[in-house]
Amino acid sequence: MGTARRRVALVVALCWCAVVSVVSGSRASFAGLSRRGGGAVLGGGYKGYCGTTEGQPVPPLNLAPNATTKLVALVTRHGDRVPLHTTCWPGYDSVWNCSLTKISDPDMTTGGNEPSLARAYRENYMYDRNELLGNCEKAALTDIGNTQCTQLGQAMRSYFVDTIKFLPDSLHDGDVFVRFDGDSRTKQSAMAFCDGLYPPSASGGDTTSVIDMFTMDYEKDDMFPNSDLCSCVTKYGDAVKTTPEWINYDNTVVDPIEQQFIEIFGASADINGITFWYWFYLQSCKHYCSDCGHSMQCHDMPLPAGLTEELLIQVFDAVMWQTAATYSYPDPQSYGRIAMGLLLGDIMDQMLDAVDGAPQPKISLFSAHDSSVMVVLSMLGIWDELWPSYASYIMFELYTVQGKDFIRVVYNGKQLPIPGCLDVPEWQSCSFESFYGLAKQLIPTVDQCSYDCPLPQGKPTHK
């Protein structure tokens with residue numbers, strides 16, 4: 001049942017020292033780890049969103065006796081970043097300065113080691129020539145995010161190398177498969193993860209260790225809810241906004257928040273040429289204010305006058321409600337099928353090959369986004385409807401006991417039983433056959449992606 005795939009290699013040698021300085025008005029501070037006492041839970045009231053630099057959770061020991069791991073697939077959220085949106089609110093003037101450099105070397109080979117680089121090219125963003133004030137690419141990974149993802153790699157090394165001896169102590173060509181979606185923050189997060197899983201050699205030898213990383217054009221990528229790939233994503237996203245529940249929530253919760261922003265910023269509902277509704281809510285469920293506010297809170301930046309933390313929490317709660325409503329419309333499985341089912345199919349292809357004995361990487365990293373993590377959890381029936389923190393991960397582990405294959409799912413260090421797929425309750429695991437049967441129902445056909453996405457008649461959505 002082997003699966004042939006055409007893959008284009010991206011070979012990058014990376015050297016970064018990611019320190020982000022933030023200026024708001026005349027007040028400047030550094031968002032580096034040194035100002036946080038060597039590692040702390042970040043962001044005050046938003047600590048669940050901001051994540052931590054105290055180390056990422058190690059997967060728990062397998063409850064199955066004498067389990068032998070065959071393959072591991074990780075779907076992760078990138079680490080801490082600067083704001084994704086630049087139209088945060090009227091008068092937004094925060095300056096984000098990044099000293100993160102990427103050094104690359106054009107190369108036509110793949111895998112293995114390379115001779116020491118004779119020349120490399122460093123990429124820099126020019127100061128005040130970007131959408132954010134300062135020299136940061138919007139949504140760029142920060143030093144905190146780099147640390148979080150390195151620590152995630154270290155957590156996986158602790159379990160798979162040091163504890164169960166599934167992975168070798170040093171990097172072997174072909175053991176690790178890395179994929180990112182083309183965004184710099186997911187690419188940088190993947191690199192940081194690999195540096196934690198297999199720290200680069202400090203011996204100063206005459207070769208450079210190379211890890212191939214794979215990506216693809218945005219229009220074809222299945223690592224996030226992609227309407228270019230499955231147009232039903234747009235159809236469901238538009239339809240949920242017409243439901244009575246959504247309209248009622250808009251009238252009773254969103255409108256009062258809008259009025260508070262109008263009072264604070266002295267602006268009409270048409271703010272910066274963008275109607276408040278679209279300023280408040282995007283298809284990807286990222287609210288400009290919520291995103292900017294959380295980025296500032298994660299870096300201990302002061303909010304503008306009038307925008308209190310209490311109001312920001314109200315905004316985030318509204319975004320959280322809308323996100324959960326979208327991801328469960330018309331039901332979690334139908335939305336998940338067209339939003340993230342193709343990625344689940346990619347993971348199952350690898351597992352089927354591993355079950356059949358075909359060569360496969362031992363561990364696959366899919367470096368993605370919060371939406372990716374939330375929808376996968378939702379369609380499996382195990383999402384707690386809380387926003388995944390930076391560097392969150394879902395781990396699918398294929399293992400065997402006495403010749404029979406099983407799958408367990410771990411989310412941020414906690415093993416989660418899959419509803420309707422619990423063949424061995426004491427192991428909190430599914431047989432491979434049961435999980436594959438469930439997965440086949442969640443992997444869309446071409447028609448289901450773009451044509452066969454019927455809307456429910458009178459069916460309530462998220463409560």
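The model is predicted: local features need pLDDT of at least 70, side-chain atom pairs count only at pLDDT 80 or more, and totals for chains, interfaces and linings use all residues. Residues are numbered from 1 along each chain as its sequence is written, and side-chain values use heavy atoms, with hydrogens and water left out.

**Strand β4**
- Strands are DSSP runs of E, at least two residues, numbered from the N terminus.
- Strand β4 spans residues 95-98 and is covered on both faces.
- Val-95 and Asn-97 on one side, and Trp-96 and Cys-98 on the other, are all buried (under 20% relative accessible area with a 1.4 Å probe, protein chains only; exposed is over 50%, partly exposed in between).
- β4 pairs with strand β8 (residues 133-134) in the parallel sense, over two bridges; pairing takes at least two DSSP bridges.
- Trp-96 stands opposite Gly-134 in β8.

**Aromatic pairs**
- Rings of Phe, Tyr and Trp (its six-membered ring) pair if their centres lie within 6.5 Å; planes under 30 degrees apart count as stacked, over 60 as edge-to-face and the rest as tilted.
- The count comes to 18 aromatic pairs.
- Tyr-218 and Phe-224 have ring centres 5.0 Å apart and planes at 35°, so the pair is tilted.
- Tyr-218 is partly exposed at 48% relative accessibility, while Phe-224 is buried at 8%.
- Tyr-399 and Phe-406 are stacked, because their planes lie at 25°, with centres 5.7 Å apart.
- Both Tyr-399 and Phe-406 are buried.
- Tyr-49, Phe-316, Trp-387 and Tyr-390 form one aromatic cluster.

**Charges over rings**
- A charge sits over a ring if NZ of Lys or CZ of Arg is within 6 Å of the ring centre and within 35 degrees of the ring normal.
- The charged end of Arg-77 sits over the ring of Tyr-49, 5.0 Å from its centre.
- Phe-406 has the charged end of Lys-404 over its ring, 5.9 Å from the centre.

Notes: Helices (H or I, at least four residues) and strands (E, at least two) are DSSP runs, numbered from the N terminus.
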